[in-house]
Amino acid sequence: MSYDDQGQPANNDPYSYQDPSQYDPSQGYTGYESGSYENQGYDNSGYAPTPPPQEQQPARPQLQQLQRIPSGVPGFDQIVGGGLIRDRVYLLSGPAGAGKTIFSTQFLYNGISKYNENGVYVVLEETPQQLRENMYNSFGWNIQTYEDNGNIVVLDAISSRLGLSSAERYVVPRPFTLESLLYEIQNAIQTVNARRVVIDSLDAMSLELTQVDLRSLIQRLTMILKSFGCTTLLVSGQAETTSQGRKSVEEYVVDGMIRLHHNLEESVSGETTLEQNALQGNSLEEDSFSMKVRSRKIEIPKMRGTSHSQYQHPFIINENGIEIKSEPEVTKRLRRAIFKAKQVD
Ligand SMILES: Nc1ncnc2c1ncn2[C@@H]1O[C@H](COP(=O)(O)OP(=O)(O)OP(=O)(O)O)[C@@H](O)[C@H]1O
Ligand SMILES: [Mg+2]
């Protein structure tokens, strides 16, 4: 199969230049012709310049109400104004282990199980089998059953990228090229008539590309995905703002951004005990209660066409996947201020 579209007939493009010498009068002429007012009762006795014929304005597309799709991730839709806007492309970013793959799988899995929307998962960083096993063992999400039923395609793009063979049904052929990747993504979307797509991750796809090439790749990909009517998560592990303070290219191209954070923080239960101690007049030895716990947060830095939360929202990963608290977090600094005020009293 050739991925080259250079062989298309030149006259396919309605806006392409046509050599006037090739004009065929038998086809009729729609332009401004001399004599076209003959025999139409035209009276030129009181001649006044005739206004040029009005150009036909192309019909303006009707403004459509934006459609929302539920993510199925508890708490998420509330922080993006009621759900992701359909047919748009979003950047899901965060450091290693932040929960990007879990969020993405939950989005696709719920699409099939709850909202009757098929999906495509393009894996570029782990094998399809690893994805199936991780998601089944951690959350009981059986991707394989949905593959067998024709609801989802897991496209293996990692094997050929690494120059390895693959026993997968849907695989990007070797040698790996971006053209073949784009072709196979389209093929996968058509195979299951997908409405949700995940590309995990952009970083693996963009290796060795210049900033300019990367931008044009993402723009092309975005156009393809939108033309198929797919709501898409592009996963990225990279920090959005480079060390030089420049925004990364994908930020400009996508319609919205979802950012996941995780870091170690002092345990909340330790703080509560400290507060209780203070109220009971006990000595305060903060060190004795210091305990670190991994804290996860999600924020929406950008979402075109909708209002959205401006807060960082805590979330947890449990046996059901990701759950987000849609109320904004009361920060530790605020709790400390309250605590100190109590001490003075
Ligand atoms: N059943 C579970 N319960 C709680 N936490 C879990 C469970 N399964 C996985 N996790 C957490 O999720 C993390 C992995 O999440 P995920 O694979 O989505 O990260 P990621 O952002 O895709 O990372 P990477 O960039 O490395 O691919 C694990 O490191 C672990 O902390
Ligand atoms: Mg991942």
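Strands E3 (residues 89-93) and E8 (residues 256-266) pair in the parallel sense, over four bridges. Here strands (E, at least two residues) and helices (H or I, at least four residues) are DSSP runs, numbered from the N terminus. Two strands count as paired if DSSP finds at least two bridges between them. Within this pair, Leu91 stands opposite Met257 in E8. The model is predicted: local features need pLDDT of at least 70, side-chain atom pairs count only at pLDDT 80 or more, and totals for chains, interfaces and linings use all residues. Residues are numbered from 1 along each chain as its sequence is written, chains are lettered from A and ligands numbered from 1 in the order in which they are written, and side-chain values use heavy atoms, with hydrogens and water left out.

E3 and E8 belong to an open sheet of nine strands with mixed pairing. The strand order is E5-E4-E6-E7-E3-E8-E9-E10-E11. E5 (152-156) and E11 (321-324) stand at the edges; each has a single partner strand, so one side of each is left without a neighbour in the sheet. From one strand to the next, the twist averages 25°. Angles run from 0 to 180 degrees between N-to-C directions, and axes are lines fitted to C-alpha atoms, for helices over the stretch in contact.

Toward E11, the pairing is antiparallel. Three bridges join E9 to E10 in the antiparallel sense, and Ile298 stands opposite His313 in E10. E10 and E11 are also antiparallel, over four bridges. A hairpin of two residues joins them. Phe315 stands opposite Ile324 in E11.

Polar contacts to the ligand are pairs of N or O atoms within 3.5 Å. An N or O atom in the Arg296 side chain lies 2.9 Å from a ligand oxygen atom. A polar side-chain atom of Ser138 is 3.2 Å from a ligand nitrogen atom. A polar backbone atom of Ala98 is 3.2 Å from a ligand oxygen atom. Taken alone, ligand 1 exposes 650 Å², of which the protein buries 61% (Shrake-Rupley method, 1.4 Å probe).

Conventions:
A polar contact is a pair of N or O atoms within 3.5 Å; within protein, one must be able to donate a hydrogen and the other to accept it, and residues adjacent in sequence count only if both atoms are side-chain atoms.
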